[in-house]
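Please look over the sequence and the structure, then go through the points below.

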Amino acid sequence: MKRNSLFHRCAALCCILTLCLCCAAQDVLPHRLNADGGATVPQAPDSCAELPPLRSLAFETASSMPSSFRNRKENVVANAAALRPAVGIVLRGERPLRVLHLGDSHVAGKAFPNAVEQTLRTAFRKAEVMPDDDTDGLVFTAIGSNGATSERFLSESYRERIAATQADLVIVSLGTNEAHGMGYIESVHEQQLSVFLDMLRSVLPEATFLFTTPPGDYLKQVYVNYRSMGRGGKRRRVVRSALRPNPMNSRCAACITAFARDHGLAFWDLYNICGGEAAVRNWIAAGLMRPDRVHFEPQGYAIQGKLLAEALLQAVCK
């Protein structure tokens with residue numbers, strides 16, 4: 001009986017000690033007092049200032065980047081702080097984020113913007129950042145035009161279409177047509193971008209802007225030779241052509257990133273992220289570029305869209 005009683009006393013003492021330790025552990029983080037003197041729930045430091053982070057979002061940077069790409073860079077949005085107004089809409093979850101993707105044939109083909117949209121929607125669902133009306137927290141519109149430069153969107157019809165989106169975030173993917181030729185001049189392009197940005201701000205005064213650089217392309221180089229036709233001295237004109245990487249791509253990318261930086265805009269440098277001067281060769285070696293060496297296979301556009309969306313998601317709490 002004494003041995004049994006001693007056992008029960010020891011067991012009771014262990015329970016009391018365990019309970020005390022649990023209570024002590026709960027007091028490690030001090031509670032803050034609210035205006036009424038009551039305790040509020042302790043909160044961890046937040047890198048997004050007063051905005052809560054996406055609750056369950058876990059996205060690896062550049063997870064869609066082909067491992068075969070040479071000279072690739074970190075997949076990030078530069079000057080991500082400029083995206084804070086749009087980020088705030090996402091994090092508060094009071095209404096859907098309205099995104100407009102503007103661009104040339106790369107956007108007009110839909111595969112590129114569709115990949116951006118679907119990747120963002122998937123992430124928003126995982127993070128439970130969505131209102132109750134099943135819009136998944138996102139309204140996405142893509143407006144693309146084959147062969148377009150920024151000047152094409154200055155027309156009244158495009159101004160009306162752009163304004164009607166009431167976009168919070170405008171992604172601008174242009175530059176391929178501006179740089180497709182040996183006559184590219186940075187000062188002219190910069191002036192075009194300035195006029196274009198003024199137009200966008202006039203029709204969407206509350207919007208945030210993200211400029212992207214073009215992925216790169218090839219130019220057709222024409223060679224003309226004359227071959228002798230025989231003793232008569234006649235010569236035949238022989239024209240050959242070959243595709244080579246467009247040397248204007250790097251200059252165009254540098255112009256766009258410098259413009260965005262000078263105007264306090266966020267930018268995503270697709271050209272250099274995917275290899276810079278090696279970028280177009282990377283896309284071709286992976287079988288992701290079409291024979292015209294300007295446009296991409298659907299899988300290539302899908303990778304570009306996923307990379308852009310992943311970079312945006314990584315920028316949420318920067």
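Which residue in S4 is the bridge partner of Ser-173? The partner is Thr-212. This pair belongs to strands S3 (residues 169-173) and S4 (residues 208-212), which run parallel and are joined by five bridges. The model is a predicted one, and its mean pLDDT is 82.

**Confidence**

- Of the residues of the protein, 74% reach a pLDDT of 70 or more.
- Over residues 1-49, pLDDT stays under 50.
- For that stretch, residues 1-49, the model has 22 contacts beyond four places in sequence.

**The sheet**

- Five strands form an open sheet in the order S2-S1-S3-S4-S7, and their pairing is parallel.
- Strand S2 (138-144) and strand S7 (266-268) each have a single partner strand, so they stand at the edges and one side of each has no neighbour in the sheet.
- On average, neighbouring strands of the sheet are turned by 20° against each other, with direction ignored.
- Helix H6 (residues 186-203) packs on this sheet and touches strand S1 (97-103), S3 and S4.
- The direction of H6 makes about 150° with that of S4.
- In general, strands of a sheet pair through backbone hydrogen bonds, either parallel or antiparallel.

**Helix H4 against helix H10**

- Two packed helices are described by the angle between their axes and the distance between the axes.
- Helix H4 (residues 111-127) packs with helix H10 (residues 298-314) at an angle of about 40°, and their axes are 7 Å apart.
- H4 is therefore oblique to H10.
- The crossing of these two helices, H4 and H10, is right-handed.
- On the H4 side, the contact is made by Ala-111, Phe-112, Ala-115, Val-116, Thr-119, Leu-120, Ala-123 and Phe-124.
- On the H10 side, the residues of the contact include Pro-298, Tyr-301, Ala-302, Leu-308, Ala-309 and Leu-313.
- Gln-304, Gly-305 and Lys-306 of H10 are also among the residues that make this contact.
- By class, the residues of the contact of H4 with H10 are 13 nonpolar, three polar and one charged.

**Helix H6 against helix H5**

- The crossing of H5 and H6 is right-handed.
- Arg-159, Ile-162 and Ala-163 of H5 meet Met-199, Leu-200, Ser-202 and Val-203 of H6 in this contact.
- Five nonpolar residues, one polar and one charged make up the contact of H5 with H6.

**Helix H6 against helix H7**

- H6 also packs with helix H7 (residues 248-262), at an angle of about 40° and with the axes 10 Å apart.
- H6 and H7 are therefore oblique to each other.
- Their crossing, that of H6 and H7, is right-handed.
- From H6, the contact is made by Glu-186, His-189, Glu-190, Leu-193, Ser-194 and Leu-197.
- From H7, it is made by Arg-251, Cys-252, Cys-255, Ile-256 and Phe-259.
- The residues of the contact of H6 with H7 divide into six nonpolar, two polar and three charged.

**Loop residues with positive phi**

- Gln-166 sits in the loop between helix H5 (156-164) and S3.
- The phi of Gln-166 is near 50°, which is a positive value in a residue other than glycine.
- Arg-293 is placed in the loop between helix H9 (279-285) and H10.
- Arg-293 is not a glycine, yet its phi is positive, at about 60°.

Conventions
Residues numbered from 1 in each chain as written. Predicted model: local features only at pLDDT ≥ 70, side-chain atom pairs only at ≥ 80, totals over all residues. Heavy atoms only, no water. pLDDT = per-residue confidence, 0-100. Contact = heavy atoms within 4.5 Å. Axes fitted to C-alpha atoms, helices over the stretch in contact; angles between N-to-C directions. Helix = DSSP H or I, 4+ residues; strand = E, 2+ residues; numbered from the N terminus. Parallel < 35°, antiparallel > 145°, perpendicular 65-115°, else oblique. Left-handed = near helix turned anticlockwise from the far one by under 90°. Nonpolar A, V, L, I, M, F, W, Y, C, P; charged D, E, K, R; others polar. Pairing = 2+ DSSP bridges.
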